[in-house]
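Colleague: I have this structure open and I'd like to learn how to read it. Could you take me through it feature by feature?

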Amino acid sequence: MTTRVTHDHGTPLTAGWEVLDEMDHRRAWALFDEKFRFEPRAAKDSALSIVEPVPSLTFDFRPTPAGNESAWIARNDAVNAEALRCFVTEFADNPVFIVLDWQHQSHSFDAGSHAAAGPAAEWRKPVYPWGDYCVFARDDFSEGTFSQPWHNTLCVFGDRMVSTLGRTLSTWLPVLRTDGQC
């Protein structure tokens with residue numbers, strides 16, 4: 001089953017997703033910028049867009065064979081499903097995340113509600129890196145993920161995220177950097 005993604009084209013939000021109001025959106029981006037020194041870049045050969053924290057693991061998504069759409073779909077589904085599993089098991093007491101998507105609306109994501117809605121629940125933004133910079137993080141940005149589409153990478157950061165999502169992804173995806181170092 002393919003991960004269902006609903007981009008914001010006037011469609012209703014699905015289970016677990018809420019748009020952040022403008023004040024929360026600005027506060028979240030300001031905190032993210034301060035903590036990670038975010039500098040968006042628009043070229044594949046440019047420098048990294050964030051200072052990758054300690055602890056973190058950054059995964060390489062480039063090895064998909066060209067033209068192999070089935071492999072891309074399978075990886076997309078696997079990454080999103082595993083991220084959701086980690087979100088609801090590691091943060092069971094409060095599985096709510098901030099989702100920042102560069103130059104688009106920010107959201108609050110209740111992973112528990114999303115998971116309870118079953119396979120029909122659509123992702124407003126996927127964890128899998130595609131299209132734009134996207135962050136799934138706790139509201140203090142101590143744990144989460146950062147996808148960098150121009151480099152085709154996903155940085156998993158924070159103790160619990162590295163020990164769960166990072167650990168499982170490292171069994172089948174190449175690790176480019178650990179704690180921001182090659």
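Colleague: Let's start with a hairpin: how many residues lie between E6 and E7?

Modeller: There are 4 residues between E6 and E7 in that hairpin. Strand names, like helix names, come from DSSP runs numbered from the N terminus (helices are H or I with at least four residues, strands are E with at least two). Keep in mind that this is a predicted model: local features need pLDDT of at least 70, side-chain atom pairs count only at pLDDT 80 or more, and totals for chains, interfaces and linings use all residues. Residues are numbered from 1 along each chain as its sequence is written, and side-chain values use heavy atoms, with hydrogens and water left out.

Colleague: What is the phi of Asn-152?

Modeller: Some background first: most residues other than glycine have a negative phi, and most peptide bonds are trans. Asn-152, in the loop between E6 and E7, has a positive phi near 60 degrees. Asn-152 is also partly exposed, because its relative accessible area is 26%; buried means under 20%, exposed over 50%, and partly exposed in between, with a 1.4 Å probe and protein chains only. Asp-179, in the segment after E8, is another non-glycine residue with a positive phi, about 55 degrees.

Colleague: And which peptide bond is cis?

Modeller: The one from Val-54 to Pro-55, with omega near 0 degrees. Pro-55 sits in the loop between H1 and E2.

Colleague: Back to strands. How do E6 and E7 pair?

Modeller: In general, strands of a sheet pair through backbone hydrogen bonds, either parallel or antiparallel. Here two strands count as paired if DSSP finds at least two bridges between them. E6 and E7 are antiparallel, with 5 bridges, and Gln-148 faces Thr-153 of E7. E2 and E7 are also antiparallel over 5 bridges, where Thr-153 is the bridge partner of Asp-60.

Colleague: Which way do the side chains of E7 point?

Modeller: The general idea is that side chains in a regular strand alternate between the two faces of the sheet. From E7, Thr-153, Cys-155 and Phe-157 point one way, while Leu-154 and Val-156 point the other way. As for cover, 5 of the 5 residues in E7 are buried.

Colleague: What is the strand order of the open sheet?

Modeller: The open sheet has 8 strands in the order E1-E4-E3-E5-E6-E7-E2-E8, with antiparallel pairing. E1 (17-19) and E8 (175-178) are the edge strands, each with a single partner, so one side of each has no neighbour in the sheet. From one strand to the next, the twist averages 20 degrees.

Colleague: Which strands does H1 touch?

Modeller: Contact means heavy atoms within 4.5 Å. Helix H1 (residues 22-36) packs on the sheet and touches E3, E5, E6 and E7, with its direction at about 80 degrees to that of E3. Helix H4 (residues 159-169) packs on the sheet too, touching E2, E6 and E7, at about 145 degrees to E7. Those angles run from 0 to 180 degrees between N-to-C directions, with axes as lines fitted to C-alpha atoms, for helices over the stretch in contact.

Colleague: Which residues touch the most other members of the largest nonpolar core?

Modeller: In soluble globular proteins, nonpolar side chains tend to be buried together. A nonpolar core here is a set of buried Ala, Val, Leu, Ile, Met, Phe, Trp, Tyr and Cys residues joined through side-chain atoms within 4.5 Å. The largest has 26 residues, and those touching the most other members include Val-79, Phe-136 and Val-156. Helix H2 (69-90) is among the elements that each supply at least two residues, and H2 gives the largest share, 5 residues. Apart from this core lies another, of 16 residues, including Phe-32 and Ile-50.

Colleague: How are the rings of Phe-91 and Phe-97 arranged?

Modeller: Rings of Phe, Tyr and Trp (its six-membered ring) pair if their centres lie within 6.5 Å; planes under 30 degrees apart are stacked, over 60 edge-to-face, and the rest tilted. The whole structure has 24 aromatic pairs. Phe-91 and Phe-97 have ring centres 5.3 Å apart and planes at 90 degrees, so they are edge-to-face.
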